[in-house]
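Dear colleague,

Please find the structure for your review below. My findings follow it.

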There are 2 protein chains.
Amino acid sequence: MPLQNHAYKYKKVISIGTVSELTGLSHRQIRYYESRKLIFPERSKTGIRKYSFHDVEILIEIANHLEEGVWTNEIREELKKRQNNHQIKIEQPYNTC
Amino acid sequence: MPLQNHAYKYKKVISIGTVSELTGLSHRQIRYYESRKLIFPERSKTGIRKYSFHDVEILIEIANHLEEGVWTNEIREELKKRQNNHQIKIEQPYNTC
DNA sequence: CGTGTAAGGAATTCTGACACG
DNA sequence: CGTGTAAGGAATTCTGACACG
């Protein structure tokens, strides 16, 4: 069956204009955070960026941190750490919900 | 807070090209099913259709039914009935998960 | 009835650059 | 460093219609 399990949150299907509306960020800002390695959208065959709901949430956090004067470098490190924690969690077979 | 609860499934954010890829249906088919009142995308201010993951799933079911020779009228009635059942469920405060 | 297509226009997105600071 | 903008081009989407059946 070509259906996703339940990963609506991680499927990259939203284009930048909609992400801009959901986050309140400009296209410029969203693309810049990508160049700073904070988010990793996928691309359609023709090069259009596609984001997930998870990306949208990360973007909102990024915006909050930047308002507080945190640099993109620091934000990147924080996101990396969290990523690793998630990896560890996934490796443990319990707590599916 | 301008965030959604957890309704990634129902938020209308996917444009028709992506829906076409996810479902394997043509733009024409997807728009036609809308004209037949089977799906109800939202529109951006400029008129671009936006679909949810839930819409994508409904579209896949529609495609399956059509392959079996079911008419859009019948499909519409079936979807309506299911809608009503969901309404009833929502009115009962238990079983959040 | 359900779907394909060519047609013309409008809206979206992309990249690289200049600018400010 | 983080963000705005004008620039030109490419890709996307929209509508109404003709076509087949």
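**Helix 4 of chain A**

The buried residues of helix 4 of chain A are Thr72(A), Ile75(A), Arg76(A) and Leu79(A). These residues lie on the same side of helix 4 of chain A, because the arc they cover around the axis is only 95 degrees. Please note that the model is a predicted one.

Helix 3 (53–67) of chain A is included in what covers the buried residues of helix 4 of chain A. On the face turned away from the buried side, helix 4 of chain A carries the exposed residues Lys81(A) and Glu91(A).

The length of this helix was also checked. Helix 4 of chain A comprises 20 residues (residues 72–91), and at 1.5 Å a residue it should span 28 Å; the end C-alpha atoms are 29 Å apart, so the two values agree.

**Relation of the two chains**

**Aromatic pairs**

Over all chains, the structure holds five aromatic pairs. Tyr8(A), Phe53(A), Tyr8(B) and Phe53(B) are linked into a cluster by ring pairs.

Yours sincerely

Conventions: Residues numbered from 1 in each chain as written. Chains lettered and ligands numbered in written order. Predicted model: local features only at pLDDT ≥ 70, side-chain atom pairs only at ≥ 80, totals over all residues. Heavy atoms only, no water. Phe/Tyr/Trp six-rings, centres within 6.5 Å; stacked < 30°, edge-to-face > 60°. Helix = DSSP H or I, 4+ residues; strand = E, 2+ residues; numbered from the N terminus. Expected span 1.5 Å × (residues − 1). Buried < 20%, exposed > 50% of the residue type's maximum accessible area, 1.4 Å probe, protein only. Arc of directions from axis to C-beta. Contact = heavy atoms within 4.5 Å.
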